[in-house]
Amino acid sequence: MWQKTLYNEKRRPDPEEDCGEGPIPDLGNLRKQWTESGVETSRATVHRRVQEMGYRCRIPQVKPLLNHKQRQRRLTWATEKQHWTVAKWSQVLFSDESKFCMSFGNQGARVWRKTGEKEMPKCLKSSVKYPQSVMVWGAMSAAGVGPLCFIKGRVNAASYQEILEHIMLPSAEMLYGDEDFIFQHDLHLLTVPKPLHPLERIAETIDWVGLLSQDRYPKGFTLFINMISMPPKLFCSHYGPSPNPPATHLCYEVYDQNQRIDCNHLTNTEESQAEEVFLGERFKDAWRKCTIVWYISWSPCDDCIQILLNAFIPKNPHVKLHIIFAKVYKGTTKAKIQELNSRGVKIQAMSHKDFLYCWKNFVDTTESFIPWRNFDGTYDNTLRWLSDALQSDS
């Protein structure tokens, strides 16, 4: 027998009163909350009362998940620019790259079918595990938009420089003519006066808001790709005690005298070791009189050392290379380490202080670094092996 829903005469259900400020929670939980407070009501009544208050069920707005450090950077950036005028912002050439997946039609498409027809070919929607994708770079401003650049392969320092010189600068020429403009790269706003040499125009003045410092690029250096910090789990898996990590990881810094001009991290590929990736893809001609520091998860293998001895060091006699490794690789011999050291390469075992430095400057976290089990023992073994290699006569 149907029974009319009863209300507690002392209290009429009020979603805003029960939930306070903010969105209405799940209706089932709201009904349970009312029942516990002595108000008997049906789910339909709860739904009706919520709608009467002006609430509607909507898909939540998506926003990036930011940690404290990232929020602080954005707040600082916004505070510095809060008094910019419309005319000032009109000078900004915004840029970004994005990856587009080539999917099969509308992901929300529906099909009309009868019971039992679920597996019929006409009622199925095609899907692939790894859809084909394309990376696109573009720039726009109040003056208009520039051409799209379709990127083949990975974006590294060399390819990004090509984009800036052959896509960004012509776009700026088309949009701004001989006027000055401000180039936006991630959180960076770079004032580019004209006319200047292309490399100088790319790196005239830039505020680096990375993890290590707020240095300014010297005139003539090209802009490098903004470093994306690695997750803590990735760092621990590579630099931790595991004897079989997924790959070799290399964090690097480049200094011109006492000024850091680049930093990033990379891993080996199917074709190349991490050291070869750095030498072949990351190293720039502008660094021929710089100091390069490697924080590498494994000691360089003999093949990589041979490349350094036969090609890199003779070609770049003024580069100072400093290698700091966490663990000894089985393909590294003491004789090769000694030979590398005799050619002026500084080699060290990665100490607790070095781990703290990498954790702070290359890892995306606000948590403190906690050494793993037998951390000191691993360091002692690595240091003992290296000391023996550097003192060996053979």
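Guide: Buried means under 20% relative accessible area, exposed over 50%, and partly exposed in between (1.4 Å probe, protein chains only). This is a predicted model, in which local features need pLDDT of at least 70 and side-chain atom pairs count only at pLDDT 80 or more, while totals for chains, interfaces and linings use all residues. Residues are numbered from 1 along each chain as its sequence is written, and side-chain values use heavy atoms, with hydrogens and water left out.

Visitor: How many helices and strands does the chain have?

Guide: Helices (H or I, at least four residues) and strands (E, at least two) are DSSP runs, numbered from the N terminus. Counted in that way, the chain has 13 helices and 11 strands.

Visitor: What percentage of the residues of the chain count as buried?

Guide: The chain has 394 residues. Of these 394 residues, the share that counts as buried is 38%.

Visitor: What share of the contacts with a separation of 6 or more comes from residues 24 or more positions apart?

Guide: A contact here means heavy atoms within 4.5 Å. Among the contacts in the chain with a separation of 6 or more, those between residues 24 or more positions apart account for 64%.

Visitor: Is Lys81, which forms a salt bridge with Glu80, buried or exposed?

Guide: A salt bridge is a side-chain nitrogen of Lys or Arg within 4 Å of a carboxyl oxygen of Asp or Glu, and a search of the whole structure finds 5 of them. In the pair of Lys81 and Glu80, the closest N and O atoms are 3.3 Å apart. Glu80 is exposed because its relative accessibility is 54%, whereas Lys81, at 12% relative accessibility, counts as buried.

Visitor: Which residue forms a salt bridge with Lys284?

Guide: The closest N and O atoms of this salt bridge are 4.0 Å apart, and the partner of Lys284 is Asp262. Lys284 lies in the loop between helix 9 (274-282) and strand 9 (291-298) and Asp262 in strand 8 (residues 259-267), so the pair ties together parts that are 22 residues apart in sequence.

Visitor: How many residues apart are Asp388 and Lys334?

Guide: The side chains of Asp388 and Lys334 meet in a salt bridge, with 2.4 Å from N to O. Asp388 is partly exposed because its relative accessible area is 39%, and Lys334 is also partly exposed, with a relative accessible area of 28%. Asp388 belongs to helix 13 (residues 375-391) and Lys334 to helix 11 (residues 334-342), so that the pair links distant parts of the chain, 54 residues apart.

Visitor: Which residues are in contact with Thr365, leaving aside its neighbours within four places in sequence?

Guide: Thr365 is found in the loop between helix 12 (352-362) and helix 13, and it counts as buried because its relative accessible area is 14%. Apart from neighbours within four places in sequence, the residues in contact with Thr365 are Lys69, Pro232 and Trp359.

Visitor: At what angle do helix 10 and helix 11 pack?

Guide: Axes are lines fitted to C-alpha atoms, for helices over the stretch in contact, and angles run from 0 to 180 degrees between N-to-C directions. Angles under 35 degrees count as roughly parallel, over 145 as roughly antiparallel, 65 to 115 as roughly perpendicular and the rest as oblique. Helix 10 and helix 11 are therefore roughly parallel to each other. The axes of helix 10 (residues 302-315) and helix 11 are 10 Å apart, and the packing angle is about 25°.

Visitor: Which residues of helix 12 make the contact with helix 8?

Guide: Helix 8 (residues 232-239) and helix 12 pack at an angle of about 150°, their axes being 11 Å apart. That angle makes helix 8 roughly antiparallel to helix 12. Helix 8 contributes Pro232, Phe235, Cys236 and Tyr239, while helix 12 contributes Phe355, Cys358 and Trp359.

Visitor: Which residues does His352 touch, not counting those up to four places away in sequence?

Guide: His352 lies in helix 12 and counts as partly exposed because its relative accessibility is 34%. The C-alpha atoms of His352 and Phe369, which are 17 residues apart along the chain, are separated by 9.8 Å. Not counting residues up to four places away in sequence, His352 touches Phe369, Pro371 and Phe375.

Visitor: What value is phi of Asn374 near?

Guide: Asn374 is found in the loop between helix 12 and helix 13, and it is exposed because its relative accessible area is 52%. Most residues other than glycine have a negative phi. Asn374 is a residue other than glycine with a positive phi, near 60°.
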